[in-house]
Amino acid sequence: MAGEVSGIAGTLHSPSEACIRPLQARENHLYHCQRLPFRPGCSFGKRISSNGSRLKAKSLFSIHSFSSLLAYSKWAHARTSFGGAVDYRRCNNPRSLTEDSNIMASKAESGELSTDESDAGVVVLVIGGGGREHALCYALQRSSSCDAVFCAPGNAGIADSGDATCISDLDIHNSSAVISFCQRWGVGLVVVGPESPLVAGLVNDLVKAGIPTFGPSSEAAALEGSKDFMKKLCDKYGIPTAKYQTFTNASDAKNYIEKQGAPIVVKADGLASGKGVVVAETLEEAYGAVDSMLVKGNFGSAGRQIVVEEFLEGEEASFFALVDGENALPLASAQDHKRVGEGDTGPNTGGMGAYSSAPILTKELESLVMKSIILPTVKGMEAEGCRFVGVLYAGLIIDSKSGLPKLLEYNVRFGDPECQVLMVRLESDLVQILLAACKGQLSGVTLDWSKDSALVVVLASKGYPGDYKRGTIIKNLQEAEVAASKVKIFHAGTALDSHGNMVAMGGRVLGVTAMGSDIAEAQERAYQVVNEIIWPEGFCRRDIGWRAVSRLPVAK
């Protein structure tokens, strides 16, 4: 691509060579500009503030030598310098760079800008590159205690939004490379988004290197990495869940299914990207799921062992809690839509939409979930020598017969797309909250949430969750995002092609997230923006939030 700039640990891009200008920056120092609101007059330490904007600088020398550094210019998206050059994607006025740097330097020298280094903030690295990670970057960079946000590998939409600096060539499965990056850039908090590096032990290695990391160890991540492990924990510590059996032999599994009857649920034991669960309506469908996993090997190592469990009738909900090893802090409620089709029909997906808050989770029910499911899990994991630090994401079903919550599954990270609706509603400093969890200091911590509701509609490539075409062009995104108020588009599977077009490179591609006074208003705003996005090869469900909307009082 024209205008490619190679940095110390990453590659940045700009639309043209003309927009790139070498600057007087010292090698191996990072200067990262992100557009964030702040209160004028506040001290930001190494974050230099002026006229309602904030320069976030991670440097190893005094701000009083600012005139010789890579400098500040008018705010534009994705403005980042790496090793002496800068990416000017969407730059409003590149020529203002030298002028503005001199102004900033002058103000720094005169004391008009705060340069109190004792108030330096935290540099954060987010691991992952989907919609969940974009939402985390968005919330982290709004934190007053955050100096800069990296995302590895990230995606084109995250970089284009200015919510983080994306490090596309940092191998997140290479612990040594991640540790080296953190040490080089003074990273003070790592947030691991996806389940794969958690199960692989990335957190173990980072913590051993002394780097504060939010996420469970590989041992604790077995709660998600093995459904059999989770079920045995439930049995041992009295956590309510569906009855089950575990199998490695297809004939044995089919015999059990025949005795239990349909409907019945067949699950791959390991990680299967949210697609390893089959809710079989007939015996034949259940037998087919068994063969797919144990005989044909369609899920690889994840399907070498399966869990067959009873089908529970009721409404599903998602429950999230931050855990510091001993204490658990519940997050706001959320509910997602797993099925690909409207009316919650068709095969399961990673999630086609979500909303928060979830009316089904009353305060009384939330209290019961904490008492009967979350806290016994935290205590049980500690007793088993698998102390859990991170997010417990409990997939629940409210049993239609008893009205009581039962645990369907655990994930050990923020859900996707539930994370999107939670992060736009969160008003607390996420950096400080996650650091408190890392330090075992969640006791006494409280969270502030917007009173507004939030709803996200996922746009996916046609064919998902099956085969789909990659590289299709998405148009009108910037115009669409401002078609309604209180809307944010999170990118999950996007990239830039050789012509600078935003293209779809995944199954789930965009998450149009809106806020409103209630779910109905959030829903209206989200679909208003969806309708402005030009992407013939994409689709979405048109009924996200229907359960919550149906519970709203009818206007007289």
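Residues are numbered from 1 along each chain as its sequence is written, and side-chain values use heavy atoms, with hydrogens and water left out. In this predicted model, local features need pLDDT of at least 70 and side-chain atom pairs count only at pLDDT 80 or more, while totals for chains, interfaces and linings use all residues.

Side chains of opposite charge can pair when their charged atoms come close. The structure contains 20 salt bridges, each defined as a side-chain nitrogen of Lys or Arg within 4 Å of a carboxyl oxygen of Asp or Glu. One of them joins lysine 267 to glutamate 309, with an N to O distance of 3.0 Å. Because lysine 267 belongs to strand E14 (residues 264-268) and glutamate 309 to strand E16 (residues 306-310), the pair ties together parts that are 42 residues apart in sequence. Helices (H or I, at least four residues) and strands (E, at least two) are DSSP runs, numbered from the N terminus. Both lysine 267 and glutamate 309 are buried; buried means under 20% relative accessible area, exposed over 50%, and partly exposed in between (1.4 Å probe, protein chains only).

A salt bridge is also found between arginine 387 and glutamate 382, at 3.0 Å from N to O. Arginine 387 is partly exposed at 40% relative accessibility, and glutamate 382 is partly exposed at 38%. In the salt bridge of aspartate 399 with lysine 406, the closest N and O atoms are 3.8 Å apart. Here aspartate 399 is buried, at 9% relative accessibility, whereas lysine 406 is partly exposed, at 21%. Salt bridges with shared partners also join Glu315, Asp344, Arg541, Asp543, Arg547 and Arg551 into one network.

Seven aromatic pairs are present; rings of Phe, Tyr and Trp (its six-membered ring) pair if their centres lie within 6.5 Å, and planes under 30 degrees apart count as stacked, over 60 as edge-to-face and the rest as tilted. Tyrosine 138 and phenylalanine 490 form an edge-to-face pair, 5.6 Å centre to centre with 75° between the planes. Tyrosine 138 lies in helix H2 (residues 131-141) and phenylalanine 490 in strand E27 (residues 487-491), so this pair ties together parts that are 352 residues apart in sequence. Phenylalanine 320 and tyrosine 393 are stacked, at 4.4 Å and 25°, and both are buried.

In helix H12 (residues 418-425), eight of the eight residues are buried, so the helix is largely enclosed by the rest of the structure.
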